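Try each task first, then read the solution.

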Amino acid sequence: MGSLKHSIITFSKAQCSAWVASAADFAVTLALVNFFGIWYGYATFIGALSGGMVNCAINYRWVFHAFGMKKKYIALRYMFVWGVSIALNTLGTCQVTEMTGLNYVISKAIVAVLVAVLWNYQMQRTFVFHEGRRSAQETKL
């Protein structure tokens with residue numbers, strides 16, 4: 001039962017981290033579009049990049065407790081995962097917007113939720129921070 005509880009807590013913390021990162025992402029995107037007149041596709045890319053930096057920092061310290069891992073190791077793996085995430089978010093937002101005629105903010109929200117749960121969390125949990133989580137658990141023993 002302890003493993004299930006730990007998994008639920010980790011997932012919940014990761015979702016809180018994703019919400020904070022998404023707030024940064026959306027704030028940057030909306031500011032770039034509404035105040036600077038940048039096309040929503042470019043703004044989505046830059047917003048996702050900004051949110052990714054926020055998410056990595058929070059996940060490193062609070063969600064996965066990756067203190068035992070080298071930052072270079074985490075950065076390389078995270079850049080791969082977040083690069084795919086940025087591509088999925090940017091292309092997905094553009095595709096949904098163009099195919100459905102929805103406002104880009106609604107499209108971005110739909111795509112962001114899907115990418116966050118189906119790609120970001122899964123890859124961060126199993127690929128980016130996996131060893132850090134193990135090291136943190138070993139430290140507690």
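This is a predicted model: local features need pLDDT of at least 70, side-chain atom pairs count only at pLDDT 80 or more; totals for chains, interfaces and linings use all residues.

**Exercise 1.** Decide whether L102 is buried, partly exposed or exposed.

*Solution.* L102 has a relative accessibility of 32%, so L102 counts as partly exposed. The classes are buried (under 20% relative accessible area), exposed (over 50%) and partly exposed in between, with a 1.4 Å probe and protein chains only.

Residues are numbered from 1 along each chain as its sequence is written, and side-chain values use heavy atoms, leaving out hydrogens and water.

**Exercise 2.** Find where F26 sits and what F26 touches.

*Solution.* Start with helix α1 (residues 2-36), which holds F26; helices are DSSP runs of H or I with at least four residues, numbered from the N terminus. F26 is buried, because its relative accessible area is 18%. Setting aside residues up to four places away in sequence, F26 touches V105, K108, A109 and A112, where contact means heavy atoms within 4.5 Å. F26 and A109 are 83 residues apart in sequence, yet their C-alpha atoms are 8.9 Å apart in space.

**Exercise 3.** Describe the surroundings of N120.

*Solution.* First, locate N120 in helix α4 (residues 104-128). With a relative accessible area of 9%, N120 is buried. Beyond its neighbours within four places in sequence, N120 is in contact with W82, S85 and V115.

Definitions and conventions. Helices (H or I, at least four residues) and strands (E, at least two) are DSSP runs, numbered from the N terminus.
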